[in-house]
Amino acid sequence: MSDIKLNISIKEENTIWFKRCIRKLLDSTFIVGEKDEKLYAFISRESNRQDISDYLRMIGFDVLVDTNVGIAMLKPHEADEEAVGLKRANVVSFTLEQYHLLLVLWEVYLENLGYSDGNLVLRGDLIDKMKAYEVDVDKTKLSAAMKLFKKYNLVDYDVKDESEDALITLYPSLQFGWDIAQFQTVTAEYRKNAPDGDGEETPEGVSVEEEDE
């Protein structure tokens, strides 16, 4: 690996925004434009994005800004993706139940596109959709999963409101919430347990432990 040289100059008036962007990415992986408008506006400027990218490169990370959907995402720097001893960025191994829920949320997001300025779903409607897709997650596990998705800026909602009328905001970052290897595991599990026309079997949850932070 070549020597790493850091040569950036942040204007005094931009220092706070620069630090906030870095910390937000390291803490939550995503900066979502519709949620953190000012942070996203800062990081989406080419010069600022390059400074942030150069800084993150020092610790083996990089940032991807997708202006089509309005998000910025922490990712491994391409030169360090195969480096031994470096922890992969923004990869969380969800339990199988959480992964199934993530797929349901993405399906709801796609169904709601274009109907309003924000992509929203009622908690009760989400539970109905989960039942339709035979995703069996009890109240406790649903709450834990949604808090995890909220932490990583995939969704947003009032954690104190667990009524069926509670609104859940779905973010476009949902489409980047996949780990390919785990996605393949989940689809293989579905295929293995899929009924052969007799409807006797349904997918069973197989726990996949989260990676240590």
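Tutor: A helix axis here is a line fitted to C-alpha atoms over the stretch in contact, and an angle between N-to-C directions runs from 0 to 180 degrees. The model is predicted.

Student: At what angle do helix 1 and helix 3 pack, and how far apart are their axes?

Tutor: Helix 1 spans residues 15-28 and helix 3 spans residues 46-57; they pack at about 55°, and their axes are 11 Å apart. Angles from 65 to 115 degrees count as roughly perpendicular and those under 35 as roughly parallel. Helix 1 is therefore oblique to helix 3.

Student: Is the crossing of helix 1 and helix 3 left-handed or right-handed?

Tutor: The crossing of these two helices is right-handed.

Student: Which residues of helix 1 and helix 3 meet?

Tutor: Helix 1 brings Phe18, Cys21, Ile22, Leu25 and Leu26, while helix 3 brings Asp51, Ile52, Tyr55 and Leu56. By class, eight residues of this contact are nonpolar, one is charged and none is polar.

Student: How do helix 4 and helix 5 pack?

Tutor: Helix 4 (residues 96-112) makes an angle of about 115° with helix 5 (residues 123-132), and the axes lie 10 Å apart. On the helix 4 side the contact is made by Leu101, Val104, Leu105, Val108 and Glu111, and on the helix 5 side by Leu126, Lys129 and Met130. Six of the residues in this contact are nonpolar and two are charged, with no polar ones. Helix 4 passes helix 5 in a right-handed crossing.

Student: Now the sheet. In what order do the strands lie, and what is the pairing?

Tutor: Strands of a sheet pair through backbone hydrogen bonds, either parallel or antiparallel. In this model three strands form an open sheet in the order 1-3-2, with antiparallel pairing. Strand 1 (30-32) and strand 2 (61-66) are the edge strands, each pairing on one side only. Neighbouring strands are turned by 20° against each other on average, direction ignored.

Student: How many bridges join strand 1 to strand 3?

Tutor: Three bridges join strand 1 to strand 3 (residues 71-76), and the two run antiparallel. Val32 stands opposite Ile71 of strand 3.

Student: Which strands does helix 1 touch, and which does helix 3 touch?

Tutor: Helix 1 packs on the sheet and touches strand 1, strand 2 and strand 3; its direction makes about 115° with that of strand 1. Helix 3 also packs on the sheet, touching strand 2 and strand 3, and its direction makes about 155° with that of strand 2.

Note on methods. Residues are numbered from 1 along each chain as its sequence is written. This is a predicted model: local features need pLDDT of at least 70, side-chain atom pairs count only at pLDDT 80 or more; totals for chains, interfaces and linings use all residues. Side-chain values use heavy atoms; hydrogens and water are left out. Helices (H or I, at least four residues) and strands (E, at least two) are DSSP runs, numbered from the N terminus. A crossing is left-handed if the near helix is turned anticlockwise from the far one by less than a right angle, and right-handed if clockwise. Contact means heavy atoms within 4.5 Å. Ala, Val, Leu, Ile, Met, Phe, Trp, Tyr, Cys and Pro count as nonpolar, Asp, Glu, Lys and Arg as charged, and the others, Gly among them, as polar. Angles under 35 degrees count as roughly parallel, over 145 as roughly antiparallel, 65 to 115 as roughly perpendicular and the rest as oblique. Two strands pair if DSSP finds at least two bridges between them.
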